[in-house]
Amino acid sequence: MAELMVQEQDVTLSPEEQKQKEALIKKVDVTDAAQVMAYGHETQQKISEFSDRALQNVRTLDTGEVSGMLTKLVGQLKGFEGAGESKGFFGKLFSNARSQVETMKAAYDKVEVNVNVITDSLTKHKDQLVADINMLEELYRLNQDHFRELNLYIAAGEEKLQELRDTELPALAAKAEASQDPADAQAARDFAEYIERFDKKVHDLRLTRTVSIQMAPQMRLMQNNDNVLAEKIQSTLVNTIPLWKGQMVIALGLAHAAQALQAEQAVTDMTNELLRRNAETLRQGTVQTAKAAERGVVDIETLRLTNQTLIQTLDEVRAIHEQGQAERKAAEKELAGMEETLRCKLLEFAGKSGK
């Protein structure tokens with residue numbers, strides 16, 4: 001995350017953005033309190049609205065409901081399998097074939113209704129997840145645009161501050177020193193405070209930029225979560241359910257064969273072999289389904305990296321705060337020295353005037 005912040009903050013401005021920056025510099029009037037307050041406010045507001053939209057997406061996404069439906073679906077399929085085994089229709093297939101076929105069909109019809117209901121609901125959730133992924137991609141692009149706007153305001157503000165501190169403020173201080181006029185001295189001090197207020201505004205924009213930087217990996221993490229869940233639903237719809245239905249077709253086919261050829265030992269041997277293969281197929285399908293259901297939505301390594309990245313971000317933000325505080329304290333000491341010098345000069349001036 002630290003490398004990302006450095007790279008993002010050092011983005012080279014395009015020729016068009018350079019023109020926009022120069023225009024912003026020319027418009028800045030640090031003596032106008034309303035203008036300083038409004039500087040970059042529109043972009044900050046966009047970041048705030050963007051954060052609200054992202055938070056709303058997090059609140060409305062109920063991954064627990066989807067996981068519950070997947071678990072319920074697996075339970076339905078396993079429940080059907082267990083019901084068949086408890087009744088022993090595979091083991092007793094040749095003793096009462098017609099009855100077993102009817103029992104199997106009835107059990108299948110009952111489970112199929114529940115499976116279809118769950119499947120429809122999962123399909124809707126998958127479609128919503130895809131829509132959320134697209135929405136998050138749009139938010140990510142908007143965040144990039146807002147980030148570049150913030151960089152533009154910050155770059156213009158920093159350059160303007162440099163110009164004021166290197167040119168205008170020294171000129172006012174020199175004028176006050178030369179004239180020994182308290183009004184000129186006050187004007188210089190007022191101008192220094194205007195610069196300080198504008199510096200705080202630029203610093204506030206930097207904080208907003210940090211928020212924008214933090215939102216980028218969060219958006220990607222949310223997208224990844226949605227993608228993993230959508231893919232798991234898709235796998236269930238196109239693999240697990242068709243496999244289960246295919247196994248039912250096999251079972252019914254075997255039952256019909258047994259019903260027609262139960263008197264033949266050769267058919268009995270063949271059917272037993274088919275049943276063993278079918279059982280193995282069912283076992284493999286169940287194992288695959290269980291493995292898919294047990295797999296985590298997000299790898300722990302991903303969460304660890306994301307957590308570490310966000311911690312690094314917070315450390316850097318704290319470092320920026322501490323640096324800003326140190327710079328302001330240094331400025332306060334310098335201002336105190338300037339005030340003391342001014343006071344001495346004023347006393348000196350008052351003493352000479354008394355004579």
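Aromatic pairs first: I counted two in this predicted model, taking rings of Phe, Tyr and Trp (its six-membered ring) as paired if their centres lie within 6.5 Å, with planes under 30 degrees apart called stacked, over 60 edge-to-face and the rest tilted.

I looked at Tyr39 and Tyr153: edge-to-face, 5.1 Å centre to centre, 90° between the planes. This pair links distant parts of the chain, 114 residues apart, with Tyr39 in the loop between helix H3 (33-38) and helix H4 (41-60) and Tyr153 in helix H6 (residues 97-179). I use DSSP runs here, numbered from the N terminus: helices are H or I with at least four residues, strands E with at least two.

Then I checked Tyr39 against Phe198: the centres are 5.2 Å apart and the planes at 65°, so this pair is edge-to-face too. Phe198 sits in helix H7 (residues 182-261), 159 residues from Tyr39.

Buried or exposed, Tyr39 and Phe198? Tyr39 counts as buried because its relative accessibility is 7%, and Phe198 does because its value is 0%. Tyr153 is buried as well. My cut-offs: buried is under 20% relative accessible area, exposed over 50%, partly exposed in between (1.4 Å probe, protein chains only).

I noted Tyr39, Tyr153 and Phe198 down as one aromatic cluster.

Bookkeeping: residues are numbered from 1 along each chain as its sequence is written, and side-chain values use heavy atoms, leaving out hydrogens and water. As the model is predicted, local features need pLDDT of at least 70 and side-chain atom pairs count only at pLDDT 80 or more, while totals for chains, interfaces and linings use all residues.
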